[in-house]
Amino acid sequence: MINRTVVGAHYGLKDWIIQRATAVIMAVYSTLMLAVLLIVRPGTFEAWQGLFANGVIKFLTFLFFVSLFYHAWIGIRDIWMDYVKPTGLRLGLHVLTVTLLVGYTAWAAAILWRL
Amino acid sequence: MSKRTVQFSIYRYDPDKDDAPYMQEISVDLEPTDRKLLDALTKLKAKDDTIAYRRSCREGICGSDAMNINGKNGLACLTDIDELKQPIVLRPLPGLPVIRDVIVDMTQFFKQYHSIKPYLINNDPPPERERLQSPEDREELNGLYECILCACCSTACPSFWWNPDKFVGPAGLLAAYRFIADTRDQATNERLDNLEDPYRLFRCHTIMNCVDVCPKGLNPTKAIGKIKDMMLRRAI
């Protein structure tokens, strides 16, 4: 085991602040969406479809999902960093996590724009 | 306070003799003058002199007698014996290698402390008398300089348990902010650079175990928040 000198890797602040920013975006979206649903009260599939056909709702929903997946990336990566020590295994888990989250983002876009 | 008998369950491990650690049940008779846990430990040591623990000043200044008392880290000399549920369970500080009984090897803890350069860095020639601060600037150091490095906080922190070689830990970060906040120090940028790291600083997930256990009533979480705040302010 090499006794390296401990110095900063010079990153980490961005992830930390993005985790907070995405949390705010998700909180605002959830509140807004709850208000919209209470006002519109969509009862049928067509009503739901109409609601999400709105460009602003579509954009905000996509922004919500992007925030969710970015937020999840930082959180899940933190778990791997905390508990998984072998470098190879951890790198594999990082790649798997990123692949899944990027896939989910594309899937969310596909669903939103198919409606 | 009257004479009373107190029950203990103490973690015992002597690597030279024992295959594995075990808990020893033992009771001790206390005098009315015995008030703190350390008083009881002194009596206990007289009864069974194989029990090993560290102690020095017996008044919460040296930080030697930190241990896990009924599941919570604290200093034996500051803990009231009559407020503890019996049997009083004493274990070594969690997460550090055990040397013997409740004595732990603090090398890793002090390595992290040294990594933040816990001394004033100022390259100006020293003035004739002393480097002065305004009372407001001095105020910022309150709640930071009082740390006695007992390690109660860092050994209560899961992030320090999992990555003691990489995460500075609450005690080290509190000390780091003590010098970052010092207006006489000239290495603020280098100090922030040294801490800007997903492990060294950002392993703190703000669960505040450190604040909960600090026997001196300090708040490492607040200091860590201020370090992040300073990093953010210089970045945007």
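**Figure 1. Chain A of the predicted model, whose elements run α-α-α-α from the N terminus on.** The structure shown here and in the following views is a predicted model. The secondary structure of chain A amounts to 4 helices and 0 strands. Its radius of gyration is 19 Å, well over the 13 Å that the globule rule gives for 115 residues, so chain A is more spread out than a compact globule. Taken along the principal axes, the C-alpha atoms of chain A fill a box of roughly 65 × 25 × 20 Å, and 5% of the 115 residues of this chain count as buried. Among the contacts in chain A that join residues at least 6 apart in sequence, 73% are between residues at least 24 apart.

**Figure 2. Chain B, with its 8 helices and 7 strands.** The box filled by the C-alpha atoms of chain B, again taken along the principal axes, is roughly 60 × 40 × 30 Å. Of the 236 residues in chain B, 39% are buried. When the contacts in chain B with a separation of 6 or more are considered, residues 24 or more positions apart account for 65% of them.

**Figure 3. The contact between the two chains, drawn from 16 residues of chain B and 14 residues of chain A.** On the side of chain B that touches chain A, the elements giving two or more residues are α4 (158-162), α6 (188-195) and α8 (220-235) of chain B. The element that gives the most to this side is α8(B), with 4 residues. By residue class, the side of chain B that touches chain A divides into 8 nonpolar, 3 polar and 5 charged residues.

**Figure 4. The crossing of helix α1 (residues 13-40) of chain A with α8(B).** The axes of the two helices come within 11 Å and cross at roughly 100°; since angles of 65 to 115 degrees count as roughly perpendicular, α1(A) and α8(B) are therefore roughly perpendicular to each other. From α1(A), the residues L13(A), W16(A) and I17(A) meet K228(B), M231(B), L232(B) and A235(B) of α8(B).

**Figure 5. The largest nonpolar core, a set of 60 residues.** Within this core, the residues that touch the most other members are L173(B), L174(B), A176(B) and I227(B). Helix α5 (residues 169-180) of chain B gives the most to the core, contributing 8 residues. Once its neighbours within four places in sequence are left aside, L174(B) is in contact with L144(B), C147(B), L218(B), P220(B) and A223(B). As general background, nonpolar side chains in soluble globular proteins tend to be buried together.

Figure 6. Not counting residues up to four places away in sequence, P170(B) touches C153(B), S154(B), C157(B), C210(B) and P220(B). P220(B) is also listed among the contacts of L174(B). From C-alpha to C-alpha, P170(B) and S159(B) are 9.7 Å apart in space, and they are 11 residues apart in sequence.

Methods: Residues numbered from 1 in each chain as written. Chains lettered and ligands numbered in written order. Predicted model: local features only at pLDDT ≥ 70, side-chain atom pairs only at ≥ 80, totals over all residues. Core = buried A, V, L, I, M, F, W, Y, C linked by C-beta atoms within 7 Å. Buried ≥ 20, exposed ≤ 12 C-beta atoms within 10 Å, placed from the backbone. Contact = placed C-beta atoms within 7 Å. Nonpolar A, V, L, I, M, F, W, Y, C, P; charged D, E, K, R; others polar. Axes fitted to C-alpha atoms, helices over the stretch in contact; angles between N-to-C directions. Parallel < 35°, antiparallel > 145°, perpendicular 65-115°, else oblique. Rg over C-alpha atoms; globule rule 2.2 N^0.38 Å.
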